[in-house]
Amino acid sequence: MSNEDIKDLVQIFIESNVAEMEVKRGENSIRLRRSFGQAPTAEFVLPQMMPQQAPAVISSAPAPPAAIPIPSAAPDLLVKSPIVGTYYDSPKPGDAPFVKVGDPVEPGHVLCIIESMKLMNEIECEVAGTVAGKLMENGRPVEYGEALFAIRPR
Amino acid sequence: MPLDATWVQAQLPGRPISWFATIDSTMFAASRLASEHAPSGTVVGADEQTAGHGRYGRPWHSEPDAGLYFSVILRFPFPPDALPLVVLALGLAAADAILKSTGLVCDLRWPNDLLIHEKKCAGILPQLEGSAIIAGFGVNVNHASFPSEIAPLATSLRIESGLAQSRETLLAELLPAIDSYCEILVSDGKRAILDMFTQASSYVHGRRVRVDQGDSTLIGITVGLNAAGFLMLRDDMGKAHTIIAGGVRPCF
C-alpha cells in the first residue's frame, strides 16, 4: 500500500460519514476511526514494510481539511462482503463498473460481484443513497465481512 | 426433438417445472421467479437458449434440443461459510446423475467442471441472489460435434458413449441428486462434501495446473483442498497459494 493509496483512503474516509473503516490489501491493512465531532484517527498496519519490528501500529490524528467539514448526520453505511471471494466491480471484464463514487443508488441496485469458487454473488444496495466510497480494487480477494462500499443514505 | 417435460414431471410429482422451446437465458427467468418467492426446487429449462452464458458472461453454446439447459432455485439453510461448497456439491450431483443415467464416469475439475477424457461435457454456474442460489446447468447430451473453436475442449455424452442419451432421464436423475448433495452439506457438514470431492476429482492432488487470475497466471502443483473448499497450490518456487476463484486448466 503506497502513501498515495493511504492518502486516498483517508480522503474517502474524511468525505464519508462512517465512524470506522478498515481496508485490507494483501498483508497490509489500515483502520480509520473517529468519534463524531473529533478529528479522525488512523492506524496503519504495514507488516511488509517493517519486518524488524513487532506488529507496527502507528497512530496519527490528521486535521481534516478546512474545506471539507465532517458531517454530523447519521453515519454512512458500510456494505460488507457476505462471503470469501474475488471482488469484481463490473459484470464482465471491459464493461463499465456497476457504480462510481457519487452515483445515486436505490435498494436492489447491484454494486459489485463477489466470486467464490464459481459462485457469483451479486451484492445489492439495501438503502437509497449515494455511493460515498469504493473501498476495494477490482480483482482483489476479499474476506468475509470486509467493507466494500460506503453508502450515504438519502 | 423437444424435451418431454410431461414425462419428467410425472417422475417428479409436485416439483415446479417450467419448460420452454426457446428462451433468452434460463438464469434470467429463474432469477425473476426467485424474486417472486418461488420455492426451492423450482426449475426453468429450455430446448434452446438464445443468450445462454457462462462465467463472466461468456457465451455458452446452446444447440437446440441437443443439450440439457436449465436453472434451479435452491433454498437451503447453508451456513455462510459453507456457501462456496455448494459449488462443489453441485458438481458431485451432476457427476452422480450422469453416471446413473448413462454409465459414464466424469472427472471433476475444481471447482465444478465435468470432464470426460479431459473435455468438458457440462458446466454449472451458481449465483447467489438474496437467500436463494440459482444454479444454471448446461450439459452437452446429444451433440454430434462442436464448432471448431471449442471442439478440442468440449465433448458430449453421446460422443463419449456412442449412443443417443435421454435428456429426460438425465434431468429426472439430476434434480433429486442436486437436492441430496445440498442436504448432505447441510446435515453432514463441509467435511463430507470435501471428502467426496477429493475422491471424485483428479485435480485435487498432484496435478500440474495453470490458473488464470485476471491480470496474472499461476502455475503449480495442486496439494489438496483447504477446510473452506478452496484449492491449494504449490508453485515452482515452493510457495503455497490458495485459489479462491479462477479457471484451472491442466499445464503440461
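Visitor: Across the interface of domain 1 of chain B and domain 2 of chain B, how many residue pairs are in polar contact?

Guide: This is a predicted model, so local features need pLDDT of at least 70, side-chain atom pairs count only at pLDDT 80 or more, and totals for chains, interfaces and linings use all residues. Residues are numbered from 1 along each chain as written, chains are lettered from A and ligands numbered from 1 in the order written, and side-chain values use heavy atoms, without hydrogens and water. A polar contact is a pair of N or O atoms within 3.5 Å; within protein, one must be able to donate a hydrogen and the other to accept it, and residues adjacent in sequence count only if both atoms are side-chain atoms. With both residues at pLDDT 80 or more, the rule finds this number of pairs: three.

Visitor: Which element supplies the largest share of the domain 1 side that touches domain 2 in chain B?

Guide: Helices (H or I, at least four residues) and strands (E, at least two) are DSSP runs, numbered from the N terminus. In chain B, α3 (83–102), β4 (107–109) and α6 (190–200) each supply at least two residues of that side. The largest share, four residues, comes from α6(B).

Visitor: Which side chain meets B:E118 in a salt bridge?

Guide: A salt bridge is a side-chain nitrogen of Lys or Arg within 4 Å of a carboxyl oxygen of Asp or Glu. The rule finds two across the interface of domain 1 and domain 2 of chain B. At 3.0 Å, N to O, the partner of B:E118 is B:R207.
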